[in-house]
Amino acid sequence: MQKSQELLPILTGQPVIPVVAVDSARQGVELARALASGGLKAIEVTMRTPAALDAIKAIVAEVPEAICGAGTILSPKHYEEASEAGSRFIVSPGATVELLDAAKEGSVPLLPGAATPSELMAMIQEGYEILKFFPAEQSGGVAYLKSLAPVFPNLRFCPTGGVSPTNVASYLSLPNVVCVGGSWVAPKEALSSGDWDAITKLAKEASGLSA
């Protein structure tokens with residue numbers, strides 16, 4: 001069963017969950033501080049770089065105001081490593097039986113990805129009510145999520161992938177969207193140059209959106 005009592009407050013606490021990839025633990029710490037200063041305390045550090053686990057550990061230790069999660073979790077090994085690093089929530093682009101079993105046994109709530117009706121039905125059978133919808137734009141976007149609502153009235157989604165300042169309001173207006181995942185609040189140029197003020201400004205704008 002999904003640990004919604006732990007996951008839901010994180011996802012409803014802000015309209016946008018930053019989805020980031022960092023090159024070092026220090027960069028992760030500075031980024032988490034900048035985002036939290038702008039009102040985005042929950043952050044998803046993706047396992048797309050070798051520095052991800054060290055960054056999660058450092059954020060947990062040095063940025064107590066942040067709620068650090070791990071993303072791009074593809075296997076039980078990833079889940080275990082992210083849990084041991086101190087992740088408060090774990091996000092996967094999809095779901096496998098093995099990963100769901102690891103999440104059942106583990107203590108950290110999982111936000112698994114699902115998009116097709118069959119995947120959604122499988123997730124309901126597993127006890128999940130909050131899902132990642134990925135890749136959102138490429139999978140049909142706002143119109144697709146609207147069409148799912150009457151068929152799956154108890155499901156809520158965090159659309160991620162192609163969500164941007166130009167379409168975020170349309171996603172957040174949907175009753176079955178709890179929040180969105182977005183990388184625009186931490187652009188690569190600002191990350192590489194260490195322009196934390198620019199990231200804090202983007203975070204403030206994003207945190208003011210209506211979910």
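Leaving aside its neighbours within four places in sequence, which residues is cysteine 179 in contact with?

**Figure 1. Cysteine 179 and its surroundings.** Cysteine 179 is in contact with Leu11, Gln14, Pro15, Ile17, Phe157, Cys158, Pro159 and Leu172, leaving aside neighbours within four places in sequence. Contact means heavy atoms within 4.5 Å. The residue sits in the loop between helix H8 (168-172) and strand E8 (180-182). Helices (H or I, at least four residues) and strands (E, at least two) are DSSP runs, numbered from the N terminus. Cysteine 179 has a relative accessible area of 0%, so it counts as buried. Buried means under 20% relative accessible area, exposed over 50%, and partly exposed in between, with a 1.4 Å probe and protein chains only. Glycine 13 is 166 residues away from cysteine 179 along the chain, yet their C-alpha atoms are separated by 8.9 Å.

This is a predicted model, in which local features need pLDDT of at least 70, side-chain atom pairs count only at pLDDT 80 or more, and totals for chains, interfaces and linings use all residues. Residues are numbered from 1 along each chain as its sequence is written, and side-chain values use heavy atoms, with hydrogens and water left out.

**Figure 2. The whole chain.** The chain holds ten helices and eight strands. Its radius of gyration is 16 Å, close to the 17 Å that the globule rule gives for 211 residues, so the chain is as compact as a globular protein of that length. The radius is taken over C-alpha atoms, and the rule is 2.2 Å times the number of residues to the power 0.38. Along the principal axes, the C-alpha atoms fill a box of roughly 45 × 35 × 25 Å. Of the 211 residues, 51% count as buried. Among contacts between residues at least 6 apart in sequence, 61% join residues at least 24 apart. The accessible surface comes to about 9,200 Å², and 53% of it belongs to carbon and sulfur atoms. Areas come from the Shrake-Rupley method with a 1.4 Å probe; for residues, only the protein chains shown count as cover.

**Figure 3. The nonpolar cores.** A nonpolar core is a set of buried Ala, Val, Leu, Ile, Met, Phe, Trp, Tyr and Cys residues joined through side-chain atoms within 4.5 Å. The largest one has 62 residues, and Leu31, Val45 and Val180 touch the most other members. A second, separate core has twelve residues, including Leu7, Ile10, Phe89 and Ile130. In soluble globular proteins, nonpolar side chains tend to be buried together. Beyond four places in sequence, valine 45 touches Val20, Val22, Ala52, Ile56, Ile59, Cys68, Gly69, Ala70 and Gly71.

**Figure 4. Two backbone exceptions.** Most residues other than glycine have a negative phi, and most peptide bonds are trans. Threonine 72 has a positive phi, near 55 degrees. Threonine 72 lies in the loop between strand E3 (67-71) and helix H4 (76-84). At 17% relative accessible area, threonine 72 is buried. The peptide bond from phenylalanine 134 to proline 135 is cis, with omega near -10 degrees. Proline 135 is in the loop between strand E6 (130-133) and helix H7 (141-148).

Figure 5. Asparagine 176 is in the loop between H8 and E8. Its relative accessibility is 6%, so asparagine 176 counts as buried. Outside four places in sequence, asparagine 176 touches Leu145, Ala149, Leu155, Arg156 and Phe157. Tyrosine 144 is found in helix H7. Tyrosine 144 is partly exposed, at 23% relative accessibility. Not counting residues up to four places away in sequence, tyrosine 144 touches Ala115, Thr116, Pro117, Phe133 and Ser139.

Figure 6. Serine 107 is in the loop between helix H5 (97-105) and strand E5 (110-111). At 57% relative accessibility, serine 107 counts as exposed. Beyond four places in sequence, serine 107 is in contact with Lys3, Glu6 and Tyr79. Alanine 198 lies in helix H10 (residues 196-207). Alanine 198 is partly exposed, at 26% relative accessibility.
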